[in-house]
Amino acid sequence: MLITNATLATLDNENRFLHDYAVYIEDGVIRAIGPTEVLIPHYRDTDRLDADGQIVMPGNICAHTHFYGAFARGMGIAGAPPQNFPQILEKLWWPLDKALDADSIRASALLFLLDAIKNGTTTLIDHHASPNHIDGSLDIIAREVEQAGLRAVLCYEVSDRDGQEKTQAGIAENVRFIQAYEQNARIKGTFGLHASMTLSDETLRACAKAIPTGEGFHIHVAEHEADEEDSLKRYGKRVIHRLRDHGILGDKTIVAHCVHIDGDELNTLFGTRTWITHQPRSNMNNAVGVLPHLAQMLKLEMRLCLGNDGFSGNLWEEWKAAYFLHKVASRNPQVAGGWDIIKIAVQNNAALVGRFFNGKRFGIISEGAQADLIFVDYRPFTPLNGENLPWHILFGFEPGMVTATIVDGKVLMRDKVLLTLDEDAILAEARAIAPQVWARYAKFAG
């Protein structure tokens, strides 16, 4: 395929902004870039996709999300409102997890995948939990990812909160899925863990023993003070140090949130080259606090990435949240600058995905990089170039501007028309299923 008449935002080291350019794609990889008039004669018999002057840029990547949270939208929690994050878990998320069956797992995945395509998010790293339907749950999600045409890394959330039988089932589901999808081009597995406060030493040892060689974990860390308090009380050490001692950290492990880690824990994460994901909208919504040490993490070039924790697939909204939140929290307008956000959300997210997909290159438009691209219909009234692109995204890009989404060289949406998913059918099925999910949720919530 040859994309023509594009305004390319390459987001590579040179961060070029190229007008009236073309991109030739073959076997899911960008093979050539050049002026439209130069490339067309070389690829006269190739299918063309006219960008009509729109911005063509790398697709967004979400480093931490939860597809299964789809049916929480609009849900009312019975009784008094939760007073803190542990109560949010107990009153909302854990009963909802239990309410999921095969149909609702599939429907919730489709809802998030649909949203991702429409908003230009091409890769998602998901963290799944369904304690009453564990075996094969990741296959249900993977089939819908295959159908949608997106790229994903999936795992099952191991926890002790539902008993040892389900703990063991969760371990087995992770191991089975990692091995089954090892050779898949667009879907990979990792090993999911809930959080230190719901994992005993025995379970952590079992997970460290079971994980296939060379793989890593995906775990929530210190999202609230309760996680650190539990670890100190029960084990005499802080969460990151406990996970280090069990061999959980490393250069393929993702630790989500890290809102309440201290300086020593930060140094441990740096030393182990562990990946950290930041979810500012979720942190604000749950009133858990603000990720500390952001400036230091950036200075040390730590592996800080950006996720959405189950919020909408419009990752630019997460960019904006991070940009504004850290300024108001620190009372310093220099914190979390535009290029800092690009470093976190584009470069680091792309590097993380590359760890799972055999070193392939993401997040840039360059020869040899993966053809995961989006078209953005943004027509600015002020100059736009490679130097000020971050601020145009932060202050100008809005939902609905994405008109095309391409993954692995396959067009998933063109002119805002979905080509791989039936939106009306997905929404109709979700509307039919939602009352049943909510009824089961109410039962488990007591």
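I counted the aromatic pairs to begin with, and the structure holds 11. Rings of Phe, Tyr and Trp (its six-membered ring) pair if their centres lie within 6.5 Å; planes under 30 degrees apart are stacked, over 60 edge-to-face, the rest tilted.

This is a predicted model, so I kept its limits in mind: local features need pLDDT of at least 70, side-chain atom pairs count only at pLDDT 80 or more, and totals for chains, interfaces and linings use all residues. Residues are numbered from 1 along each chain as its sequence is written, and side-chain values use heavy atoms, without hydrogens and water.

What does the pair tie together? W316 lies in helix 12 (residues 315-330) and F397 in the loop between helix 14 (389-396) and strand 16 (402-407), so parts 81 residues apart in sequence are joined. Helices (H or I, at least four residues) and strands (E, at least two) are DSSP runs numbered from the N terminus.

I checked burial next (buried is under 20% relative accessible area, exposed over 50%, partly exposed in between; 1.4 Å probe, protein chains only). W316 is buried at 1%, and F397 is buried at 0%. Together with Y378, W316 and F397 form one aromatic cluster.

Then I searched the whole structure for disulfides (cysteine sulfur atoms within 2.5 Å) and found zero. C155 is buried at 0% relative accessible area.
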